[in-house]
Amino acid sequence: MTTKTITPTAHLPQVTEPRNPGIPLDMQWVRSVQANTSAIERRAKTLPGRRSVKKDWQAAWLLRAITCIDLTTLAGDDTAERVRRLCAKGRQPVRQALLDKMGMGPITTGAICVYHDMIGPAVDALAGSGIPVAAVSTGFPAGLSPFHLRVAEIGESVKAGAAEIDIVISRRHVLSGNWQALYEEIQTFRAACGDAHMKAILATGELGTLRNVARASVVAMMGGADFIKTSTGKETVNATLPVSLVMIRAIREYHARTGYRIGYKPAGGISKAKDALVYLALMKDELGDRWLRPDLFRFGASSLLGDIERQLEHHVTGAYSAGYRHAIG
Amino acid sequence: MSVKDKFESMEYGPAPESAAEALAWLVDQGDRFGHFINGAFTTPGDGFNSHNPATGEVLATLSQATQGDVDAAVDAARAAQGKWEKIGGPGRARYLYALARLLQKHSRLFAVLETLDNGKPIRESRDIDIPLAQRHFYYHAGMAQLMPEALPDVEALGVCGQIIPWNFPLLMLAWKIAPALAMGNTVVLKPAEYTSLTALLFADICCQAGLPKGVVNIVTGDGAVGEMIVASPVDKIAFTGSTSIGRRIREATAGSGKALSLELGGKSAYIVFDDADMDSAVEGLVDAIWFNSGQVCCAGSRLLVQETIAEEFYGRLRARMDGLRIGNPLDKCIDVGAVVDPVQLATITGMVDANTAGETYRAATPLPDGCFYPPTLITGLTTSDTLMQEEIFGPVLVSTTFRTPTEAVALANNTRYGLAATVWSENINLALDIAPRLVAGIVWINATNLMDAAAGFGGVRESGFGREGGWEGLAAYTKPKGKAKPLAKITAKRGEAGPADPIDRTAKMYVGGKQARPDAGYSRAVYGRSGAILGHVGQASRKDVRNAVEAAQGAAGWARTTGHLRAQILYYIAENLSARSGEFAGRINDMTGKRQGEKEVAASIQTLFTYAAWADKYDGQVHGVPIRGVALAMKEPVGIIGAICADEVPLLGLVGAMAPAIAMGNRVVLAASEPYPLAATDFYQVLDTSDVPGGVVNILTGYHGEIAPTLASHLNVDAMWSFSSSDLSGDVERASCGNLKRTWVNNACAMDWYNTSSTQFLAASCEVKNIWVPYGE
């Protein structure tokens, strides 16, 4: 497998990695999946104490985290102007003076993530930036609208210019153990995506057990997901470290068995710079450095960037920062 | 390297914890330390340097204790003990609470000092060692508080000599000092010479807590100081360290009357079944064998993997090993720190280099210069390889495979040690079936190296005896209240007259459920009060002891019977004894020349009823450990118990030892009363008619002085009791060294057999195994 050098504007996995075509549903694999909750929680709990990144390294890691953010707005009151402001923030996520002080070139966020109707304004606002527009789709967040409409929604979004589609799975297929149905649903969504790359949202907070998370992760990858993603951000429990551990271990096994690298996107509840560092360490230790790039790792987050900016200013000046000193997105 | 370069490389970079405060504390103490005796530091004397193993730099100069220092420390502890005990449990609880609080307040100072001195990663000292040490003081503050209410029948042992190792310096101090102080003992503690600094800081804390002078005394130095403590007039020795030193302490204290608890080495099995969460089991190994560089007595150092998943598992494990970060222990991003001393590094290197078997994999991770050893995995070993048998005490994991659960158990138990074991399986039936079958003091299911003050820690076999932590741990620092009376030797009656009964009746021994003639073919006459011959008994030789133990070994199924069944059999014995009570009473009176026979038979029947009652009621506990899950403190039979029975009460002494032992599922080899053996030989007829399976109870007759050493040195005997009026305590304890079996000897003191404490006998008849079962889906 060859990988090309990544430039900050080449975020799409299909640019750098052979794309996961999916594999036939392997029920033996699905059924043999194990996830010991207590052990996974212990690993997740001790990880922040085992890994620490300080000084220049911390600044570099936080900058890296920014490039992996899917800067998101998914609110009922979104308007074109609000999205334009968010896109501008995506182009210039950190005050230029701070980047200069750190000797960093320009960086952007990983993507801008919006509802279907906001794709147009986002595409316009991001023109020339190389930042992809991601659209949540398939009846987000519940995924309970008519199936043909969910599939059609993907097509519409791709047509509107979305390069990434965040689909939601039917949780009931997981909860009823109908893996065949889940597999076919994901295959259908994937076909509808065409060249757009597909992030499969598992809504892990609604799957009941970590074992179900592990099974759903495996089936989603078999069905052709480019990314697996924890949550819509609308469930009561969103991204957690134990869930992340289960999903990225599934990614590791899929890579070991098939050679395809699947991306990971934790979403919801990650709002502190410190959390971002822990997630990066988790990716680095469990999956390796290759997964620390935006083509294989994204944060689904809206308020995380603000905290990172304050930490970066603290790094540069030595004084704790204030929110109003940084442009809101 | 610029931020931009780091942005590309995404390396961790250094994240050092500052040593400034800890070094400043050392400077404040003048970088030289005396001993802490009677509430004050002595003037530093001749001594040795304490090094930081990661850098080799000298941290401080410590004093080598002289005999005078040790004497002064023991005297101070002795002088303080009475008053300390007298202030009562609640009074002591306040001091223990203060110590816990002070440990908490100075937690980072302790953690950094520990890492500087020992070389373990700061994460471990900060997140594990120091918090657990605090927890032990909090927990035992509670035990002190509850002592009057919960433990009304026991009292302090007195002065305890405590010798601790270098792998968990402050934590082992806490494990030793907290329960000792809680129960009203005072202590003389010697930290390991490599790692004495946190103990000295603890001495400082004792002053801050206002602990009365002499309650805690700390002397520093090498093994010679340890020997002085062992030889000193203390009431108890508690030792954690190597099995070879533990054995020497057992020998040195034999016959001294000093209580002893030993927490020794291990070669603990780590069993991975094919339905395990493999990634979690791999991660567990990081905590099992690369925790503290594998310098952990309970390290899961022997990996047993089911054949069907072995290659897959090894592959994942090797990949995980490559991700371990080795280096500066003060770095907050380091997984594996320094080995404690170049001497230890040489030992590890020597053992691994001498091995030619299997396939050796070393983590592909940069190794700094100095006292570091790479995480190592050796697969494809067999049980006969030295590295599968011997404790390496380093970051070296050895492995073999198994096919079935039964084979996994057989491999796991194929060791001289018995400290801990780990089982990984998602099948609750399998895991809960395996855990009780493992010969170990601690079993972790789907987890490893979980420890807490509320759960006992300690092993069986050559991993030592005694528990630290939990209710079970308090037995190591208490004794039943009351003063023991001396026990004079009771000699057999002599006579000239002929047999009392014209028809010769031949009393034999009882082995494997059958009557057995003495192997050597020697017998002696037993005379009654009138000088008439009451009968003959065989003289047991070494071979009879061997045969009896072999028979007991064959009755291993007794341990797996239900308490209900054992109760039924004990009741049945009582019933059959009762039917012949007149005959037994007469026999006792004839032999002893007293008129206590009737009373003794009645007491024997009572005893059988008592332990029949206990057989299904001496329950284990569920400890309240701070996890989502349970620690099941299961009471398991010790195994084969050898008992030299009391001479003065020939029936009651035999029944008094037998009944609790077999009620709890042990098999016994009993040496009958030496002067009055015929009650025991009559008694086997009662056993024969009471459905006691052959081999569960074996009875020998003969000279205690000949039977005891053979039985006590037998490596297949798990515990040895002596209640003989011959003073055999020293011989028994010395002979027990071979497999470090538990001993219970009378030290020439009499027991009131009509008023024994059943809890004492039951505790001696059981091992407490803590099975940790975290759960959650």
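Both faces of strand β10 of chain B are covered, since B:Lys236, B:Ala238 and B:Thr240 on one side and B:Ile237 and B:Phe239 on the other are all buried, where buried means under 20% relative accessible area, exposed over 50% and partly exposed in between, with a 1.4 Å probe and protein chains only. Helices (H or I, at least four residues) and strands (E, at least two) are DSSP runs, numbered from the N terminus. The model is a predicted one, in which local features need pLDDT of at least 70 and side-chain atom pairs count only at pLDDT 80 or more, while totals for chains, interfaces and linings use all residues. Residues are numbered from 1 along each chain as its sequence is written, chains are lettered from A and ligands numbered from 1 in the order in which they are written, and side-chain values use heavy atoms, with hydrogens and water left out.

What stands beside β10(B)? Strand β7 of chain B, residues 159–163, runs parallel to β10(B) and is joined to it by 4 bridges, and two strands are said to pair if DSSP finds at least two bridges between them. In this pairing B:Gln162 stands opposite B:Ala238. Strand β11 of chain B, residues 259–263, is also parallel to β10(B), with 5 bridges joining the two, and here B:Ile237 stands opposite B:Leu260. Together with helix α10 of chain B, residues 243–253, the strands β10(B) and β11(B) make a right-handed β-α-β unit; right-handed means that, with the strands pointing away from the viewer, the path from the first strand over the helix to the second runs clockwise.

From this unit we can turn to the chain as a whole. Chain B contains 26 helices and 33 strands, and buried residues make up 62% of its 777 residues. Its C-alpha trace spans about 105 × 60 × 45 Å along the principal axes. A compact globule with 777 residues would have a radius of gyration near 28 Å, and chain B, with 28 Å, agrees with this; the radius is taken over C-alpha atoms, and the globule rule is 2.2 Å times the number of residues to the power 0.38. Among contacts in chain B between residues at least 6 apart in sequence, 77% join residues at least 24 apart, a contact being heavy atoms within 4.5 Å.

In soluble globular proteins, nonpolar side chains tend to be buried together. The largest nonpolar core has 118 residues, of which B:Phe202 and B:Phe313 touch the most other members; such a core is a set of buried Ala, Val, Leu, Ile, Met, Phe, Trp, Tyr and Cys residues joined through side-chain atoms within 4.5 Å. Helix α7 of chain B, residues 169–182, gives the most to this core, with 11 residues. Leaving aside neighbours within four places in sequence, B:Phe313 is in contact with residues including B:Val272, B:Met278 and B:Leu303.

Some details of the backbone remain. The peptide bond from A:Phe140 to A:Pro141 is cis, with omega near 0 degrees, and A:Pro141 is found in the loop between β3 (133–136) and α8 (147–160) of chain A. B:Leu740, although not a glycine, has a positive phi of about 50 degrees; this residue is found in the loop between α25 (729–735) and β32 (742–745) of chain B, and it counts as buried at 2% relative accessibility.
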